[in-house]
Amino acid sequence: MNDFLIGIGKRLKDIRKKNNLTINELAFKANVSNGLVSRIENGRTIPSLPVLLDLIQSLEIDASFFFEGVEKKSNAKFIYLPKDSQQLIEKEVEAEGFKYVHIFSKSLHSLGFEAVLLTLEPNSKREKVITDAWEFKYILKGEVKYLIDNEEVILHEGDSLYFNGKLPHVPVSISNESCIMLVLYFYSDK
């Protein structure tokens, strides 16, 4: 089931781009926020059925056509994704200096999983966000301050952080150099 749910965002993004629509244009047509469309496309939240149907209608396609392209379960023994299948993730307009590269997402049993490389530029800006996932961060290069709810943690190269994404959170640049981190999102059916 999670493969199916994770595939909804990817399918929405693919059709939106094929129709040459921006996130802003789709959000306006569906009467939802830019941030919600971005979070759905990037697997950070799952839309309610009425919102999903409004988005599909705004793409001017049949619901049956939309769901034909959504990923289904397979019984493969492994998953291989070449580097050229990685995609730059478009984030909310309010995020400056955040570059997300989507490197993997899949559901195994009852756990949905997504991996992203995040490059946080010096002087980056974004408000705190909330996701429907548990989040794991591993600092590959640089340092960053993470604000989680009302607490802060300083992370350096090699440090890890794991937390409930339902808590408002944001990484904050604290250096003149870029910070690169591996971000893992874990989604559960429970």
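A crossing of two helices is called left-handed if the near helix is turned anticlockwise from the far one by less than a right angle, and right-handed if clockwise. The model described here is predicted, so that local features need pLDDT of at least 70 and side-chain atom pairs count only at pLDDT 80 or more, while totals for chains, interfaces and linings use all residues. Residues are numbered from 1 along each chain as its sequence is written, and side-chain values use heavy atoms, with hydrogens and water left out.

Helix H2 (residues 23-30) packs against helix H3 (residues 34-41) at an angle of about 110 degrees, their axes lying 8 Å apart; helices (H or I, at least four residues) and strands (E, at least two) are DSSP runs numbered from the N terminus, and axes are lines fitted to C-alpha atoms, for helices over the stretch in contact, with angles running from 0 to 180 degrees between N-to-C directions. H2 is therefore roughly perpendicular to H3, a term that covers angles of 65 to 115 degrees. The crossing of H2 and H3 is right-handed. In this packing, Ile 23, Asn 24, Leu 26 and Ala 27 of H2 are in contact (heavy atoms within 4.5 Å) with Asn 34, Val 37, Ser 38 and Glu 41 of H3. The contact of H2 with H3 comprises four nonpolar, three polar and one charged residues, where Ala, Val, Leu, Ile, Met, Phe, Trp, Tyr, Cys and Pro count as nonpolar, Asp, Glu, Lys and Arg as charged, and the others, Gly among them, as polar.

H2 also packs with helix H4 (residues 49-58), at an angle of about 115 degrees and with the axes 8 Å apart, and the two helices are therefore roughly perpendicular to each other. The crossing of H2 and H4 is right-handed, and the contact joins Leu 26, Lys 29 and Ala 30 of H2 to Asp 54, Leu 55 and Ser 58 of H4. By class, three residues of this contact are nonpolar, one is polar and two are charged.

The structure holds one cavity of 30 Å³ or more, a cavity being a set of points on a 1 Å grid over the protein atoms alone where a 1.4 Å probe fits but cannot get out, with lining residues having an atom within 4 Å of a point. The largest cavity has a volume of about 60 Å³, the volume being the space filled by probe spheres set on the points, which are joined across faces, edges and corners. Of its 13 lining residues, Tyr 100, Arg 126, Glu 135, Lys 137 and Tyr 185 are the closest to the centre.

Methods
Angles under 35 degrees count as roughly parallel, over 145 as roughly antiparallel, 65 to 115 as roughly perpendicular and the rest as oblique. On a 1 Å grid over the protein atoms alone, a cavity is a set of points where a 1.4 Å probe fits but cannot get out, and a pocket is an open set with protein on both sides within 12 Å along at least five of seven lines; lining residues have an atom within 4 Å of a point.
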